[in-house]
Amino acid sequence: MTNDKLFMDVAKQFANESKCVSRKVGAILVRGGRILSTGYNGTPPGWRNCCDHFPDYEPLQREAHINWSSVNEIHAEMNAIMWAAKEGTSTAGATMYTTVQPCSDCLKNMVAAGIVEIVYEEEYDRMQNAAFINTLFTLGVNYRKL
């Protein structure tokens, strides 16, 4: 029996820490039943947060927000990987639990970090690289929706 629901619930708790006005995402890295690292989407320490840049955010501002966040924000999955690296924790053989389906850039970085399983809950509406997802399976990475 796996602890998928437990770990996804933890990822959801970290998503609540995000200062993003459009989508809060949380991620955790797990190996051997232990949490190695956590992350949520947001700006680097000391940078202006999304909620400060878009204090009165409305869905009509989505494209402006996407452009701003692509320059200023770090995705939850990358925050978890970078925290592990900063602390000297290996991610080889780990599972990434993330509340939203990872983008192609995060997927590439997860493969490079040695992550062997990726579990997500919500579909990412901007995910367009089905061929890359098929590559994950050929590389032996378990990729699945919870």
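Mentor: Start with a term: buried means under 20% relative accessible area, exposed over 50%, and partly exposed in between, with a 1.4 Å probe and protein chains only. This is a predicted model, where local features need pLDDT of at least 70, side-chain atom pairs count only at pLDDT 80 or more, and totals for chains, interfaces and linings use all residues. Residues are numbered from 1 along each chain as its sequence is written, and side-chain values use heavy atoms, leaving out hydrogens and water.
Trainee: Is Asn-41 buried or exposed?
Mentor: Asn-41 is buried, with a relative accessible area of 7%.
Trainee: Where does Asn-41 lie?
Mentor: In the loop between β2 (34-40) and α2 (50-53). Helices (H or I, at least four residues) and strands (E, at least two) are DSSP runs, numbered from the N terminus.
Trainee: Which side chain has a polar contact with the side chain of Asn-41?
Mentor: That of Ser-18, at 2.9 Å. A polar contact is a pair of N or O atoms within 3.5 Å; within protein, one must be able to donate a hydrogen and the other to accept it, and residues adjacent in sequence count only if both atoms are side-chain atoms. A polar atom of the Asn-41 side chain also lies 2.8 Å from the backbone oxygen of Arg-23.
Trainee: New topic. Which residues are buried in α5?
Mentor: In α5 (residues 104-112), Ser-104, Cys-106, Leu-107 and Met-110 are buried. They sit on the same side of α5, because they cover an arc of only 160 degrees around the axis (directions from the helix axis to the C-beta atoms).
Trainee: And what comes just after α5?
Mentor: Gly-114, with a positive phi of about 85 degrees.
Trainee: How many helices and strands are there in the chain?
Mentor: Six helices and five strands.
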